Amino acid sequence: MLIPSAARVHYGCVIMIRICQGLVEGVSYPACHGIWAKWAPPLERSRLATTAFCGSYAGAVVAMPLAGVLVQYTGWSSVFYVYGSFGIFWYLFWVLVSYESPAAHPTITPEERKYIEEAIGEVGGPAGQVLLHAGAPPFCPLSLSLPLSLSLSLLSLWLIYSVTDCQAQRQGCDGCTLTPQSSVLIQTDMSHEHRAA
């Protein structure tokens, strides 16, 4: 909600607000995992987490076309005010209905609390904290994992592609997408043009 006002002051203000916004929003996905660790029984955790994470993508699918309609009829700043208002209302709702653990929730039934706590781990301590059974991380099987290996190799290819694309755009090839091989050709052609000139 601060971005329209910041944009009227200076673009540096917008950059600072976006950095702060990124720092605050950056903890939301890890926080979701923390909530599911205390609230979702292991056999239901993947389904609940998938539903929650799909909600953010579904929100983007709805928000993008709605943003276009808002901009067309009420101006670009209305997008920030409308979505900011929704965010504040969601935050207030979340503060009212969410609790750190089943032991801290005032309206959960004893049967629900017992089911969740027994499914997750053993209850210990005076505050009813849930103690999780933790084993050693499976580093050896993880390092031999085909999906992990493919993800890391694709990440390196994406980095190479991004760097060469940025280099091409700096050298005057705006709007084109390049493979690493074609960027080498463009760099060679451009160096010949500079020598001829």
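Which residues does Ser 78 touch, not counting residues up to four places away in sequence? I found that Ser 78 touches Leu 70 and Val 71, where contact means heavy atoms within 4.5 Å.

Before going on, I noted that this is a predicted model, in which local features need pLDDT of at least 70 and side-chain atom pairs count only at pLDDT 80 or more, while totals for chains, interfaces and linings use all residues. Residues are numbered from 1 along each chain as its sequence is written, and side-chain values use heavy atoms, with hydrogens and water left out.

I placed Ser 78 in helix 5, taking helices (H or I, at least four residues) as DSSP runs numbered from the N terminus. Ser 78 is buried, at a relative accessible area of 10%; buried means under 20%, exposed over 50% and partly exposed in between, with a 1.4 Å probe and protein chains only. I then looked up the two helices themselves, since two packed helices are described by the angle between their axes and the distance between the axes. The axes of helix 4 and helix 5 come within 8 Å and cross at roughly 130°, the axes being lines fitted to C-alpha atoms over the stretch in contact, with angles from 0 to 180 degrees between N-to-C directions. Helix 4 is therefore oblique to helix 5, given that under 35 degrees counts as roughly parallel, over 145 as roughly antiparallel, 65 to 115 as roughly perpendicular and the rest as oblique. From helix 4, I listed Ala 63, Leu 66, Ala 67, Leu 70, Val 71 and Thr 74, which meet Ser 78, Val 79, Val 82 and Tyr 83 of helix 5. Sorted by class, this contact of helix 4 with helix 5 has 8 nonpolar, 2 polar and no charged residues, where Ala, Val, Leu, Ile, Met, Phe, Trp, Tyr, Cys and Pro count as nonpolar, Asp, Glu, Lys and Arg as charged, and the others, Gly among them, as polar.

Entry on helix 3 and helix 4. Here I found axes that come within 11 Å and cross at roughly 150°, so helix 3 is roughly antiparallel to helix 4. Helix 3 brings Tyr 29, Cys 32, His 33, Trp 36 and Ala 37 to the contact, and the residues from helix 4 include Ala 49 and Phe 53. I counted 8 nonpolar, 2 polar and 1 charged residues by class in the contact of helix 3 with helix 4.

Entry on aromatic pairs. How many aromatic pairs are there? The count comes to 4, if rings of Phe, Tyr and Trp (its six-membered ring) pair when their centres lie within 6.5 Å, with planes under 30 degrees apart called stacked, over 60 edge-to-face and the rest tilted. Tyr 29 and Phe 53 form a tilted pair, 5.2 Å centre to centre with 40° between the planes. This pair links distant parts of the chain, as Tyr 29 lies in helix 3 and Phe 53 in helix 4, 24 residues apart. I noted that Tyr 29 is partly exposed at 37%, whereas Phe 53 is buried at 17%.

Terms used
Helix = DSSP H or I, 4+ residues; strand = E, 2+ residues; numbered from the N terminus.
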